[in-house]
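Take a look at the structure, then read on.

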Amino acid sequence: MASSERNKKILLDMVKQPSNDHCADCGAPDPDWASYRLGVFVCVNCSGTHRDLPDISRIKSIHLDFWDDSLVEFMKTKGNAASNAFFEKCVPAYYYRPQQHDCVILKDQWIRAKYERREFTGEKQFLQQVYSAEWVLGSPPGFNRSLKGLSILAGIMLLALHLHYLLYSKKPKAVISMKNIDVVFQPEKIDHAHGLQISYLEEERTRNLFVYHDKSLEIVSWFNAIRATRYAYLKKIYPDARNSVLVPLITRSNIKEGYMEKTGPTQWEPFKKRWFILNLSDRKLSYFKTSVDALELGAVFIGTEAHGYSVRECQPKQARGGRWKFGVTLDTPGRQFVFLCDQEEDQREWIEALKEVMAQPMLLQHYNSEKATHHLPMFRIHQADFHMTGQWKEIF
């Protein structure tokens with residue numbers, strides 16, 4: 001067997017081994033690229049960032065490129081498990097580890113943090129310095145412009161961990177408690193690769209801040225700083241809880257978002273197009289005027305079937321003002337809701353998502369939410385012993 005064919009077979013056997021059969025950086029299955037400087041197997045998407053780090057990582061295709069004996073021998077001494085044991089030795093519990101379907105900016109900065117800045121090897125106290133500094137200043141260009149007709153203004157945010165609060169704008173426009181904050185990247189919704197959505201409660205209704213930063217490292221640092229302070233809040237509230245319990249609580253779980261049309265309580269009102277968000281953590285179906293609307297218009301609590309909640313597809317008898325034809329009926333103990341979807345696939349996905357929430361047992365805090373109005377409890381923000389400031393661009 002020729003050397004090239006033999007080496008290719010060795011690599012293909014290696015990539016089938018446990019830990020090597022998933023991308024070392026995002027966990028995508030069946031990686032077909034490898035870094036012959038780091039000794040890791042990666043997917044095609046993560047290989048792009050590795051190519052941008054030529055002094056640290058060099059990439060070859062397992063299937064298409066030639067591998068000489070020395071490179072294959074090096075790969076045999078490494079592999080994903082050994083490499084990650086070194087490069088991910090000290091990843092903080094709160095630090096977000098990107099998955100296959102996460103946005104590009106999260107995966108790009110995770111790879112750079114691992115290999116370029118070596119933040120998690122224990123060699124440097126990078127994260128400890130950043131998150132214990134009294135002030136960390138951002139330096140994006142400060143200017144105003146418009147995006148799709150929306151106003152974008154420069155704002156300043158201050159993360160005060162010892163107070164468990166996030167202060168927004170030069171003169172606080174919002175003081176957000178860490179108690180129920182949520183932060184998630186939304187590049188498609190915001191139409192910016194670095195778009196971040198911060199949600200909290202204001203007077204019993206969810207309020208959204210849509211922000212971005214021109215520098216990817218800055219916005220990802222803010223994302224993880226908010227996660228760090230939310231984690232510190234949870235540790236204070238639940239001091240004996242394990243990380244396996246606390247980490248999933250850092251952010252809320254939105255299992256479905258999208259447009260549907262809704263009508264009023266009598267079902268004779270005209271249907272209006274609204275943006276809906278279904279959250280598994282607090283069992284709420286919230287709706288907004290648009291996908292980037294700041295303030296929630298209302299919300300419906302989703303209980304279990306045993307408590308009188310059910311969902312099914314329907315064909316509305318009338319749909320005044322409605323352009324869409326695929327109906328969803330949501331029955332609650334107090335009211336029946338009718339929604340219209342654009343596509344049959346959307347109808348199916350909404351019904352499945354609502355049934356998923358109904359299948360989850362209710363916790364004590366959910367009974368309190370059920371007794372509340374259709375608006376959900378306020379989100380406020382708490383954090384621990386850290387200050388971080390920077391300029392943002394906010395999208396209203």
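A salt bridge here is a side-chain nitrogen of Lys or Arg within 4 Å of a carboxyl oxygen of Asp or Glu. This is a predicted model, in which local features need pLDDT of at least 70 and side-chain atom pairs count only at pLDDT 80 or more, while totals for chains, interfaces and linings use all residues. Residues are numbered from 1 along each chain as its sequence is written, and side-chain values use heavy atoms, with hydrogens and water left out.

**Salt bridges**

- The count by this rule is 18 salt bridges.
- Asp-13 and Lys-9 sit 4 residues apart in helix α1 (residues 3-14), so about one helical turn separates them. Helices (H or I, at least four residues) and strands (E, at least two) are DSSP runs, numbered from the N terminus.
- Asp-13 is partly exposed at 36% relative accessible area, and Lys-9 is partly exposed at 46%. Buried means under 20% relative accessible area, exposed over 50%, and partly exposed in between (1.4 Å probe, protein chains only).
- Lys-256 and Glu-349 form a salt bridge of 2.7 Å, N to O. This pair links distant parts of the chain, with Lys-256 in strand β11 and Glu-349 in helix α10 (residues 344-359), 93 residues apart.
- Lys-256 is buried at 14% relative accessibility, whereas Glu-349 is partly exposed at 26%.
- Asp-25, Glu-88, Arg-97 and Lys-114 belong to one network, joined by salt bridges that share partners.

**Cavities**

- The whole structure holds 2 cavities of 30 Å³ or more. A cavity is a set of points, on a 1 Å grid over the protein atoms alone, where a 1.4 Å probe fits but cannot get out; lining residues have an atom within 4 Å of a point.
- The largest cavity has about 90 Å³ of space. Grid points are joined across faces, edges and corners, and a volume is the space filled by probe spheres set on the points.
- Residues lining the largest cavity include Gln-197, Arg-252, Lys-284 and Phe-288.
- β13 gives the most to this lining, with 3 residues.
- Domain 2 (132-138 + 154-249) and domain 3 (254-374) both contribute lining residues, so the largest cavity lies between them. The domain bounds come from an automatic or database domain assignment.

Definitions and conventions
1 Å grid on protein atoms, 1.4 Å probe; cavity = no way out; pocket = protein on both sides within 12 Å on 5 of 7 lines; lining within 4 Å.
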